[in-house]
Amino acid sequence: MIDRTIIVDKFKTSKVQTPFYYYDVDLLKQTVETAKKEAKKRDYILHYALKANANPRLLKIIFAAGFGADCVSGNEIFRALENGAKQEGIMFAGVGKSDLEIKIGLYNNIFAFNCESIPEMENINYLARMKGLKVYNIGIRINPDVDAKTHEYISTGKKENKFGISAWDFEKVIEKLKKLEYIRLTSLHFHIGSQIMDMTVFAELCQRVNHFNQWFKDRGFELEHINVGGGLGVDYQTPDANPIPDFATYFSTFKQNLKLFPGQKLHFEPGRSIVAQCGSLITRVLYVKEGKTKDFVIVDAGMTDLIRPALYQAHHHIENLSSDAPVKHYDVVGPICESSDCFAKDVLLPETKRDNFIALRSTGAYGEVMASKYNLRDLPKTVFSDEI
Ligand code: LLP
């Protein structure tokens with residue numbers, strides 16, 4: 001819930017420039033504690049996916065609660081370590097890890113590399129041999145060919161996606177592993193997509209995981225870890241009705257459907273479900289332009305600050321924090337020279353005027369972290385609820 005008075009009163013005359021990301025620190029803490037409590041009940045291990053939001057202030061809260069980290073670049077490994085993540089809780093995933101990034105992982109003794117191809121396994125083995133005597137843990141990311149029933153750009157577990165290793169290559173993987181003496185297969189890794197609301201999708205993933213887990217056991221592999229990635233969705237339509245995702249149902253789906261062998265641990269990599277609802281992009285109305293068929297609200301935030309609507313036609317709930325006037329239909333657009341720089345079409349808002357504050361809700365995940373400087377714009381600022 002956004003406290004309108006705080007935003008409107010504090011920032012009306014403030015020097016803090018709009019647009020800025022406003023983070024509700026209490027909500028983040030409650031979300032982190034809920035996820036942690038529900039995971040702990042089932043003895044599950046959580047690694048926060050930094051790609052969703054790598055803001056240092058938020059990371060400190062998440063890592064102080066004991067989360068591990070899921071990183072997808074060398075810089076994310078550094079960012080995680082700088083903000084309290086433990087080396088032994090860091091996973092490194094991604095289809096294109098560079099030599100430098102692999103070395104960053106090796107030299108920081110991270111928990112595991114999740115490998116996505118045979119050439120990558122060979123390269124990690126080579127770089128590990130150059131480094132010295134230790135044998136490093138790897139997981140293989142399996143492409144389970146499961147339809148995540150989400151936007152195609154954020155679906156990653158179908159056979160046509162670039163991610164992971166497919167079942168028909170497993171024999172080759174096993175043969176190769178026998179020859180690579182500086183890496184040891186300790187886990188299977190999966191991530192089928194993001195913003196998944198349908199729990200039957202995760203139940204289907206579990207069936208595939210059971211199958212692959214058995215397959216490797218039958219061939220003599222004693223795997224210690226199963227990692228099912230992230231993907232739990234959030235309520236973008238009515239964020240105040242569901243500020244904290246239903247972690248209990250999510251983890252129960254895995255408890256009921258996934259069969260672990262004795263001693264195996266189950267790991268998750270949640271990103272969006274942890275940080276989406278605590279963030280709002282706050283922007284100021286520059287102009288209201290009357291059109292022939294509709295009016296445009298032109299705000300000072302653009303697709304450079306929040307690219308999700310332009311990239312995935314994503315819906316973010318929009319509120320006018322400054323007006324209680326009767327509602328009208330508007331298109332809410334930004335200042336960038338692209339037609340796709342549009343946050344919402346034909347949305348109902350209280351009658352809107354210049355200098356009103358507008359909140360784009362549920363933007364804590366894949367918001368700030370995907371901002372760009374296109375049009376040579378400044379990056380958005382950040383404001384934390386406990387610092388104003
Ligand atoms: N693990 C891996 C290997 C991933 O690739 C991802 C996200 C996650 C975990 C975290 O998934 P989450 O819990 O956040 O769904 N930019 C897009 C989302 C891209 C997700 C990429 N991978 C968006 O704005 O919707």
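Asparagine 83 is placed in the loop between helix H4 (74-82) and E4, where helices (H or I, at least four residues) and strands (E, at least two) are DSSP runs numbered from the N terminus. Leaving aside neighbours within four places in sequence, asparagine 83 is in contact (heavy atoms within 4.5 Å) with Pro56, Leu59, Lys60 and Phe63. The model is predicted: local features need pLDDT of at least 70, side-chain atom pairs count only at pLDDT 80 or more, and totals for chains, interfaces and linings use all residues. Residues are numbered from 1 along each chain as its sequence is written, and side-chain values use heavy atoms, with hydrogens and water left out.

Asparagine 83 counts as buried because its relative accessibility is 6%; buried means under 20% relative accessible area, exposed over 50% and partly exposed in between (1.4 Å probe, protein chains only). Its side chain makes a polar contact of 2.8 Å with the side chain of lysine 60. A polar contact is a pair of N or O atoms within 3.5 Å; within protein, one must be able to donate a hydrogen and the other to accept it, and residues adjacent in sequence count only if both atoms are side-chain atoms. In helix H3 (residues 56-64), Leu58, Leu59, Ile61, Ile62 and Phe63 are buried. The N-terminal end of H3 is capped by asparagine 55, a side-chain oxygen of which lies 3.0 Å from the backbone nitrogen of arginine 57. Glycine 66, with a positive phi near 100 degrees, follows H3.

Eight strands close into a barrel with parallel pairing, in the order E2-E3-E4-E5-E6-E7-E8-E9. Neighbouring strands of this sheet are turned by 30 degrees against each other on average, direction ignored; axes are lines fitted to C-alpha atoms, for helices over the stretch in contact, and angles run from 0 to 180 degrees between N-to-C directions. Helix H5 (residues 99-107) packs on the sheet and touches strands E4 (90-92), E5 (112-115) and E6 (136-141), its direction making about 145 degrees with that of E5. Two strands pair if DSSP finds at least two bridges between them; E2 (residues 45-49) and E3 (residues 68-71) pair in the parallel sense over three bridges.

Histidine 47, in strand E2, stands opposite glycine 68 in E3. This histidine 47 is buried, with a relative accessible area of 3%. Its side chain is joined to that of histidine 267 by a polar contact of 2.8 Å. Beyond four places in sequence, the contacts of histidine 47 include Asp70, Met91, Phe268 and Glu269. Histidine 47 and isoleucine 90 are 43 residues apart in sequence and 7.4 Å apart in space, C-alpha to C-alpha.

Of the 18 residues around the ligand (a heavy atom within 4 Å), Ser194, Glu269, Arg308, Tyr312 and Tyr366 come nearest. A polar side-chain atom of arginine 308 lies 2.6 Å from an oxygen atom of the ligand, and a side-chain N or O atom of tyrosine 366 is 2.6 Å from a ligand oxygen atom. A ligand nitrogen atom is 2.7 Å from a side-chain N or O atom of tyrosine 312.

Phenylalanine 357 is the bridge partner of arginine 284, and alanine 359 stands opposite glutamate 319. Phe357 and Ala359 point one way from E15, Ile358 and Leu360 the other way, and all are buried.
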